[in-house]
Amino acid sequence: VMMTLILGTSDVGDNLASRESAAVSEIGAIVDLVEEATLEFRAFMKDRDGTDVGREVCNLLPSFVVPFYAMLGTTSRLFDMFSWGKRKRMTRPASGSLATLALSFRGLLTALCDGMERFRSTTHSSGSDLAEAITPEMMERVQREVRLSRDMTRDRVDPFFQEMIQELSTYDVET
C-alpha cells in the first residue's frame, strides 16, 4: 500500500485517483486476511489449552502484532499527507478502507486479549504419579508462582494490546 502511494501504479495514466483505487484494493485484501486470522485464532482458542493460547499470543505479539501496528500507523500518516485522514473516512474511499482495516485489526487484538484472559484462567490438575510426593506447601508455592507469572504476563502484555485497541478506536469516530 505504501509503495503504491509513493511510487504510483505502473499504468500509463498514473494519477492520484488511480493510486487511491489501488490502495483501496490492496487494503481490502489485507482486511480479508486480518478477519481470517481473527477467525482462525478464535478457532485455535477453542481447541487448545489456555497455556498454548497464551504462548501463541506472546509469540504473535513481537512477530506480527507490533510490526503490523507500526505499519498501519505509518500508512495512516502517509494517508494524512494525501489528505485522506481519519476524519474523511466517510467521504474518501482510501480513508474508509484504512478505517475498516484498523477496526478489523482491533477485532484481532480483542481476540488476542481474550486469549490472554483464557491463559490466566487456566488451571491444571496435579499429576497422579507425583501427587503422593508433593506436599501441600509445595503445591501452594507452585500455584502462587504460577499466579505471579500470569500476573507479570498480564502487566507486560495487556498494556500493549490496550494501547493499540485505544488508538485503533479513533477510526471508529463518526464525523
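A residue counts as buried under 20% relative accessible area, as exposed over 50%, and as partly exposed in between. The model used in these exercises is predicted.

**Exercise 1. Classify D52 and R55, and describe how their side chains are linked.**

Solution. 
- Step 1. D52 has a relative accessible area of 27%, so D52 is partly exposed.
- Step 2. R55 is at 47% relative accessibility and therefore also counts as partly exposed.
- Step 3. The side chains of R55 and D52 form a salt bridge, with an N to O distance of 2.9 Å.
- Step 4. Both residues belong to helix α3, where they are 3 residues apart, about one turn of the helix.

**Exercise 2. Find which parts of the chain the salt bridge between E20 and R92 links, and state whether each residue is buried or partly exposed.**

Solution. 
- Step 1. A salt bridge of 2.3 Å, N to O, joins the side chains of E20 and R92.
- Step 2. E20 is in helix α2, while R92 is in the loop between α3 and α4; the pair links distant parts of the chain, 72 residues apart.
- Step 3. With a relative accessible area of 7%, E20 is buried.
- Step 4. R92, at 30% relative accessibility, is partly exposed.
- Step 5. The whole structure has 7 salt bridges.

**Exercise 3. Explain why the salt bridge of R106 and D172 ties together separate parts of the sequence.**

Solution. 
- Step 1. The closest N and O atoms of R106 and D172 are 3.5 Å apart in this salt bridge.
- Step 2. R106 sits in helix α4 and D172 in the segment after α5, so the pair ties together parts that are 66 residues apart in sequence.
- Step 3. R106 has a relative accessible area of 21% and is partly exposed.
- Step 4. D172 is partly exposed as well, at 38%.

**Exercise 4. Describe the largest nonpolar core and the contacts of L109.**

Solution. 
- Step 1. This core has 34 residues, and those touching the most other members are F41, V65, L101, F105, L109, L112 and F161.
- Step 2. At least two core residues come from each of α2 (16-47), α3 (50-81), α4 (93-121) and α5 (136-168).
- Step 3. Helix α4 gives the largest share, 13 residues.
- Step 4. Neighbours within four places in sequence aside, L109 contacts V65, F161, M164, I165 and L168.
- Step 5. As a general point, nonpolar side chains in soluble globular proteins tend to be buried together.

**Exercise 5. Decide whether L33 and T153 are buried or exposed, and place each in its helix.**

Solution. 
- Step 1. L33 is part of helix α2.
- Step 2. Its relative accessible area is 56%, so L33 is exposed.
- Step 3. T153 is part of helix α5.
- Step 4. T153 is at 16% relative accessibility and therefore counts as buried.
- Step 5. Not counting residues up to four places away in sequence, T153 touches C58, M116, F119 and D158.

Definitions and conventions:
Residues are numbered from 1 along each chain as its sequence is written. This is a predicted model: local features need pLDDT of at least 70, side-chain atom pairs count only at pLDDT 80 or more; totals for chains, interfaces and linings use all residues. Side-chain values use heavy atoms; hydrogens and water are left out. A nonpolar core is a set of buried Ala, Val, Leu, Ile, Met, Phe, Trp, Tyr and Cys residues joined through side-chain atoms within 4.5 Å. Buried means under 20% relative accessible area, exposed over 50%, partly exposed in between (1.4 Å probe, protein chains only). Helices (H or I, at least four residues) and strands (E, at least two) are DSSP runs, numbered from the N terminus. Contact means heavy atoms within 4.5 Å. A salt bridge is a side-chain nitrogen of Lys or Arg within 4 Å of a carboxyl oxygen of Asp or Glu.
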